[in-house]
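I opened my notebook to look at how two chains fold and meet. Here is what I looked up, entry by entry.

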Amino acid sequence: MKASNHIRLTFPSRSANEGFARIAVAAFASQADPTVEEISEIKTAVSEAVTNSIVHGYKESFGPITITARLYEGGRLTITIKDKGEGIDDIKQAMEPLFTTGNEEERSGMGFTIMETFMDKVKVHSRRGSGTTVALTKYIKARP
Amino acid sequence: MNLKFIQNYNELEVHLQGEIDHHCAAAVAKTIDFKIRRHRPILLIMDFGGVSFMDSSGLAIVMGRRKLMDSIDGSVEVRHLCNPAKKIFEMAQLDRYVTVRKEV
């Protein structure tokens with residue numbers, strides 16, 4: 001099905017852009033008339049994925065993060081967050097609750113669990129050395 | 001993110017205001033730790049009433065402070081959690097590690 005609208009954003013992996021990224025996607029998603037709760041779930045999931053790219057994908061270096069969001073008829077929203085960072089060796093392990101390779105003082109290991117709880121579908125593609133793409137889907141229910 | 005501290009005897013209260021994400025997490029942790037080390041409270045109260053957005057960075061902030069409070073034989077209480085922060089704390093079963101005050 002062809003998307004009825006879409007946006008694409010590319011920005012450097014600086015943590016100052018985390019707020020911009022989640023607010024931009026939330027503003028786009030608001031076209032589908034989501035509830036306040038749905039908007040806050042979308043913002044949180046995007047924030048987790050972008051933070052993963054910054055902290056784990058690029059670690060000490062910087063690189064581009066590209067977000068593509070598409071809205072389809074019926075309220076289906078897809079969001080992909082793509083980096084060209086170092087990639088994930090074991091995706092299954094990375095998605096386990098409380099697993100983190102990050103600094104425990106700063107990271108909780110709950111990023112993927114939060115994405116899975118707040119979104120309807122989460123898919124991760126990654127290859128060592130060439131980057132990671134996280135694809136999120138949420139169905140925004142029509143309200144009477 | 002804005003922090004407001006109130007000290008009463010052995011308690012240190014911190015009111016978090018604004019958005020909590022990875023961008024501000026390190027600075028927030030550092031500021032709270034500085035106050036803990038200076039006042040050495042028995043109880044650290046973290047009030048989330050003014051938080052408009054929180055991702056998993058908020059969990060790491062609470063867990064890290066709990067670790068520091070543990071090291072000085074103190075404890076942590078969190079207050080005024082509302083969604084989505086509340087949902088995130090429930091997911092991580094935070095109430096196993098800190099006191100979550102029930103709101104009436």
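**Entry 1: ground rules**

I am working with a predicted model, in which local features need pLDDT of at least 70 and side-chain atom pairs count only at pLDDT 80 or more, while totals for chains, interfaces and linings use all residues. Residues are numbered from 1 along each chain as its sequence is written, chains are lettered from A and ligands numbered from 1 in the order in which they are written, and side-chain values use heavy atoms, with hydrogens and water left out.

**Entry 2: the sheet of chain B**

I began with a reminder to myself: strands of a sheet pair through backbone hydrogen bonds, either parallel or antiparallel. My helices (H or I, at least four residues) and strands (E, at least two) are DSSP runs, numbered from the N terminus. I call two strands paired if DSSP finds at least two bridges between them.

In what order do the strands of the open sheet in chain B stand? I found 5 strands in the order β1-β2-β3-β4-β5, with mixed pairing. Strands β1 and β5 (99-100) of chain B are at the edges with a single partner strand each, so one side of each has no neighbour in the sheet.

Next I followed the pairs. Strand β1 (residues 2-8) of chain B runs antiparallel to β2 (residues 11-20) of chain B, and 7 bridges join them. One bridge partner I noted is B:L16 in β2(B), which goes with B:L3. The hairpin of β1(B) and β2(B) has 2 residues between the strands, and B:Y9 takes a positive phi near 45° there.

β2(B) also pairs with β3 (residues 43-54) of chain B, this time in the parallel sense over 9 bridges. Here B:E11 has B:L43 in β3(B) as its bridge partner. To get from β2(B) to β3(B), the chain passes through helix α1 (residues 22-39) of chain B, and this β-α-β crossover is right-handed. Right-handed means that, with the strands pointing away from the viewer, the path from the first strand over the helix to the second runs clockwise.

At the other end, β4 (residues 75-79) of chain B and β5(B) pair in the parallel sense over 2 bridges. In β5(B), B:V100 is the bridge partner of B:V78.

**Entry 3: salt bridges**

Side chains of opposite charge can pair when their charged atoms come close. I count a salt bridge when a side-chain nitrogen of Lys or Arg is within 4 Å of a carboxyl oxygen of Asp or Glu. How many are there over all chains? My search of the whole structure gave 12 salt bridges.

I looked at A:R22 and B:E19, whose side chains meet at 2.7 Å, N to O. A:R22 is in helix α1 (residues 17-29) of chain A and B:E19 is in strand β2 of chain B, so this pair joins two chains. For accessibility, buried means under 20% relative accessible area, exposed over 50%, and partly exposed in between (1.4 Å probe, protein chains only). Is A:R22 buried or exposed? A:R22 is buried, at 1%, whereas B:E19 is partly exposed, at 26%.

My next pair was A:E37 and B:K87, with the closest N and O atoms 3.3 Å apart. A:E37 lies in helix α2 (residues 36-57) of chain A and B:K87 in helix α3 (residues 85-91) of chain B, so again two chains are joined. A:E37 is partly exposed at 42%, and B:K87 is partly exposed at 25%. Salt bridges link A:E37, A:E41, A:K138 and B:K87 in a network.

Within chain B, the side chains of B:E77 and B:R79 form a salt bridge at 2.8 Å, N to O. Both B:E77 and B:R79 are buried.

**Entry 4: where the chains touch**

With contact meaning heavy atoms within 4.5 Å, 20 residues of chain B are in contact with 25 residues of chain A. The two chains bury about 1,900 Å² between them, 54% of it on carbon and sulfur atoms. Buried area is the accessible area (1.4 Å probe) that two parts lose on being put together, summed over both.

I counted 4 salt bridges between chain B and chain A. The elements giving two or more residues to the chain B side are α1, β3, α2 (57-71) and α3 of chain B. Which element gives the most? α2(B) does, with 6 residues.

**Entry 5: A:D120**

I found A:D120 in the loop between α4 (111-118) and β4 (121-127) of chain A. A:D120 is partly exposed, at 47%. Leaving aside neighbours within four places in sequence, A:D120 is in contact with A:T137, A:K138 and A:Y139.
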